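Please keep the sequence and the 3D view open beside you as you read.

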Amino acid sequence: MNSSTFLLLAGGILFFTNLVLTFNKTSSSQALVVYENECFIYGESLSQGLIEEIQTRAFDENTVSGTVDSPEDLSPANSMGHEGGEDSMNQFDDIDDFNNYSYTDSLSGHGNFVLNVSVYYINTSLPDVISNLPTFSKRVDISMDNPYLESTVIVSKIFSY
Amino acid sequence: MGKAILIILLSSVILFGIITLNTNKKLEQVTSDTVDHHSQIRARNIANSMIQIALSDLANDNSYRVTSPQTKDLLGGSVSYTVKDKNFAGEPLIQLYAEATYFGITKKVIAYTEVDPASASVPPFFSYSVLAGDDYRIDGANNNVEDDVNPLWNSNTHSNAETELTCHGENYLQKGFLTYTTSFDVDWSEGVTISPNQNPDGDPAYSFAPAVTIPDFSAVSHKNDADEVYESDKTYSGTITMGTKDNPKIIYVGGQLSIQGTVTGYGVFIVQGGIVIGGDLLLDTPDPTESKLALYTSSRVRMDYQNIEVHAQIFANGRVLVDEGGIEFHGSITSGEDVRVRGDDVDLYYKPASRSLIAPFFEVGSGGRRLAVLYYNEQ
C-alpha cells in the first residue's frame, strides 16, 4: 500500500464516518419531528374532543332549565366557573363551568398532555375582544402542553346564545 | 485498491443520499399532514363559531340578514358568511352559511333555522298545509291548495309515502312546495300547477324529501286536561263557545264527535273516536294569522257534506277524508295515515296552526330566544 492509497483510504474512512454520523443525526432529528407530530395530533385531538364535550352543555347556568332575554340575566363575567356541588366534569351543566378546568391525559411513550380551559365573554361584534360584561357569546380556549412540544397549542371556539 | 475505495465511497454516498432524500420526503409528508390536520380543525371551529355568532345576531333581531358575503377575521383565520331566506325541504327557513379559511384550508358550514322564533315552537308536523303519514291523494277536478289570503305563506304538502294527483282532465293548483318520500304520480297534461308563493332561490316546486315524524295522539291520556268531558258520542251544532288564546277551552269526547256550527274564541276538541264534520264549521271572528279551533283525534276525520266551509287545524292518527265536492277548508291537516280528497272544486286554504292550541298536547319548542338549528351540514 503506497502512501497515496493510504491517504485515500484514511480520507475515505473519515468521510464515511462523517457520513454515518450525519445520517444518524438527521435520522434522530427526523424521528423527533415525527414524535412531535404525533404529540401534536394527539394533543390537539384531545383538545377538540373536550370542545365537543363542552358544546353539549347549556350556554349558561341560567339557561340550563330556562331561557333568558337579556345578557344581564347571564352569569357575571367575574364568576365564570362551576357551581357548588359540581365537582367533576360529568356534573358540569353549562359552558363556563369549564373555566379553569384542567385535565391530564397520557399516551405511552409520549408523556403527559395537560389541558387547561379558559372561558370568557367576548364582544359579539368584535369576537377577538374580551368583554368584562356578560354578552350572548362565550369563547372557550383550550391550551395544551406536552413535554415534547416546544410551544403550547391552543384550540378555540365561540359559543353563542 | 484506490479505485475500489472510490467506488465504495461513491456507492455509499449515493445510497445514503437516496435514503436521506426518501426519509426527508416522508418527513415532509408527515409534517404536511399534521399542518393539514391542524388547519382542518381550526377552519372547522372558525366556521362553526361564525354560525354561532350569526345565530345570536338573528336571535337579537329576526330581520337580520346578510345577503351578500361579508368577511371577518376570526380566531386567527378569516371567514366569509351570509344569512339568507331560503326554502329547504319545502319549508321557508333562514340559511346561515360560513366559509372559513385557515392556512390555505377551507371549511364550509351550512345551517338552517326557522324564519320566526314563534313559529319555531310549532313542531314540523304542524307546519304543512297537508301532511300525510302515508299517501296523499287528490281525486277530483279543479282542486286547489293555496294560502288563506296571505301570499307570504307557502301552502306546502308532504306525504311520507306516495303523492298522487288525479284531476280527471281538469286542474290542480298548489301555491306551495310539494314533497314526497316514496313517489309522485301525476299526469301533467291534466293542468297541474305547483307554484310556491315564496321561492327566492328557485328551488324545485316538487321533490323528494325525508319522511316527517308524526307522533301518535292519545285523547284519553289528556282527559284530565279537559274543561268539559263527554265519555261517549257527542254532537255539536249552532254556536260553540270556547276560551281565549292564552287559555283555550279543551273539550274531551270519548266516543265520536259530530260537529258543525260557529265557534267563538279559541278551543280544542280532543276526541278518542272519529270526527265527522257534517256542515259548515265557522269562526265568528277569524284570526288572520293562525287557526282558532283545533280538532285532534286518535282515530279518523271525515268532512262529509258538499259545499261546506270548515275552519280548523286538524290532527288525526288515522285517515283524513275530504269526501265531498265544493268543500272550502281553512287551516292545516296532519294525518298519521293517508289524506284523501275525493270530490271536485275542493279548496284547501292554508293557515298556520296555533302554538297555543298545540302546546298542551304536543312537545313544542321553548319559545325562548334561542333559535333551533333544524338542518346542519359541514363540508
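Predicted model: local features only at pLDDT ≥ 70, side-chain atom pairs only at ≥ 80, totals over all residues.

## The open sheet of chain B

In chain B, five strands make an open sheet, ordered β1-β2-β3-β4-β29, with antiparallel pairing. The edge positions belong to β1 (66-74) and β29 (373-378) of chain B; each has a single partner strand, so one side of each is left without a neighbour in the sheet. From one strand to the next, the twist averages 20°. Axes here are lines fitted to C-alpha atoms, for helices over the stretch in contact, and angles run from 0 to 180 degrees between N-to-C directions.

Residues are numbered from 1 along each chain as its sequence is written, while chains are lettered from A and ligands numbered from 1 in the order in which they are written.

Helices (H or I, at least four residues) and strands (E, at least two) are DSSP runs, numbered from the N terminus. Two strands pair if DSSP finds at least two bridges between them.

## Chain B as a whole

Chain B contains three helices and 29 strands. Of its 379 residues, 42% are buried; a residue is buried if 20 or more other C-beta atoms lie within 10 Å of its own, exposed if 12 or fewer, and partly exposed in between, with C-beta atoms placed from the backbone. Two residues are in contact if their C-beta atoms, placed from the backbone, lie within 7 Å. Among the contacts in chain B with a separation of 6 or more, 55% are between residues 24 or more positions apart.

How is the confidence? The average pLDDT of chain B is 90, and 96% of the residues score at least 70; pLDDT is the predictor's confidence in each residue, from 0 to 100. For the model, ipTM is 0.88 and pTM is 0.58.

| Partner of β7(B) | Bridges | A facing pair |
|---|---|---|
| β10(B), residues 172-174 | three | N143(B) and Y172(B) |
| β28(B), residues 347-350 | four | E146(B) and Y349(B) |

## Nonpolar cores

A nonpolar core is a set of buried Ala, Val, Leu, Ile, Met, Phe, Trp, Tyr and Cys residues joined through C-beta atoms within 7 Å. The largest such core has 62 residues, and V130(B), F269(B), I270(B), V271(B), L295(B), Y296(B) and I314(B) touch the most other members. Strand β24 (residues 309-316) of chain B gives the most to this core, namely five residues. Beyond residues up to four places away in sequence, I314(B) touches L295(B), V301(B), V320(B), G331(B), I333(B) and T334(B). Another core lies apart from the largest one; its 48 residues include A47(B), L58(B), L74(B) and V83(B).

Is M242(B) buried or exposed? M242(B) counts as buried because it has 21 C-beta neighbours inside 10 Å, and its place is in the loop between β17 (239-241) and β18 (249-253) of chain B. Leaving out neighbours within four places in sequence, its contacts include P248(B), K249(B) and V263(B). The C-alpha atoms of M242(B) and V263(B) are 6.9 Å apart, although the two residues are separated by 21 residues along the chain.

F103(B), which is not a glycine, has a positive phi of about 50°. This residue sits in the loop between β3 (91-102) and β4 (105-114) of chain B and, with 13 C-beta neighbours inside 10 Å, counts as partly exposed. N307(B), also not a glycine, has a positive phi of about 60°. N307(B) lies in the loop between β23 (301-303) and β24 of chain B, and is exposed, with 12 other C-beta atoms within 10 Å.

## Where the chains meet

The contact involves 31 residues from chain A and 29 residues from chain B. On the chain A side, α1(A) provides the largest share, 17 residues.
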